[in-house]
Amino acid sequence: MTFEPVVESAIRDLVLANRILSRENVIDDFGHVSVRHPTDPGRYFLSRSRSPEIVTRDDIMEFALDGEPIAQNGRSMYAERAIHGAIYLARSDVQAVAHHHTRSVLPFTVADIPLKPVFHMGAVIGPHVPVWDSQPEFGDTNMLIDALPKGHSLARVLGNGRVVLLRGHGSVCAARCLRSVCFVSIYLKENADLLLKTLPFGSPKYLTPGEIEKTADMLLSPMPLARAWDYWLARAGFSGL
Ligand code: MN
């Protein structure tokens, strides 16, 4: 099935975002990234259930915000797609969502140590990164966000931010475009790595709220995003496209 050019372009960039987040070790065998339909805000695109490193154009499926496929055609689907639909429903400003289990982020989901920006590029995660815990509302579960009530609960904790951590599970990033969601996801990991290296030496000097706001506004603007995207494309083997 082919779409109008603006939609085909979004799908192509979604395939590239899958490959980039895999190459940058943000997403491994599990985890996923989606983009809102550029001309129908009540829908989004997401791969069928497949590891992002091998996602191709033909794997991309279209979903309604309740997670129902527009044309399943026998394909298996990610169990946690409720993450994507619930955030698109709650946040009209969000055009791309990524979910991952990046190992260096996991300590901050289980220990009482806030994940805050400690370096310039880390500013994109925002001044406050909340942790969502399924336990108070849902008790003992398989820990997957596999139904809309869990997705809605997660979206409430995300609030107006770009990052929410999942206790004992991973993280979710939400942003204005695929480039931004890749930027936030990659530097969430880098910031966590740096914080883990710094903590043994004592209490870090974090960026101030004003530095975070000004730096994030600058980094998530077109020029830095284009420069980073081209770099990631090259590293993922797609330079010169
Ligand atoms: Mn997960």
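Predicted model: local features only at pLDDT ≥ 70, side-chain atom pairs only at ≥ 80, totals over all residues.
Residues are numbered from 1 along each chain as its sequence is written, and side-chain values use heavy atoms, with hydrogens and water left out.

Figure 1. Helix α8 spans residues 222-235 (helices are DSSP runs of H or I with at least four residues, strands are runs of E with at least two, and both are numbered from the N terminus). From first to last C-alpha its 14 residues reach 20 Å, close to the 20 Å expected at 1.5 Å a residue (the expected span being 1.5 Å times one less than the number of residues). P224, L225, A228, W229, W232 and L233 are the buried residues of α8 (buried means under 20% relative accessible area, exposed over 50% and partly exposed in between, with a 1.4 Å probe and protein chains only). These residues lie on the same side of α8 because they cover an arc of only 160° around the axis (taken from the directions from the helix axis to the C-beta atoms).

**Figure 2. The manganese site.** E80 (OE), H99 (NE2), H101 (NE2) and H169 (NE2) coordinate the manganese ion at 2.1 to 2.2 Å (donors are N, O and S atoms within 2.8 Å of the metal, or 3.2 Å for Na, K and Ca; water is not among the atoms, so sites may look incomplete). The donor residues follow the sequence spacing E-x18-H-x1-H-x67-H. Both H99 and H101 are buried.

**Figure 3. The largest cavity.** One cavity of 30 Å³ or more is counted (on a 1 Å grid over the protein atoms alone, a cavity is a set of points where a 1.4 Å probe fits but cannot get out, a pocket is an open set with protein on both sides within 12 Å along at least five of seven lines, and lining residues have an atom within 4 Å of a point). The largest cavity holds about 40 Å³ (the space filled by probe spheres set on the points, which are joined across faces, edges and corners). W132, D133, S134, M143, L166, R167 and H169 form its lining.

**Figure 4. The largest pocket.** The volume of the largest pocket is about 370 Å³. Among its 24 lining residues, G126, P127, N160, G161 and R162 are the closest to the centre. With five residues, α7 gives the most to this lining.
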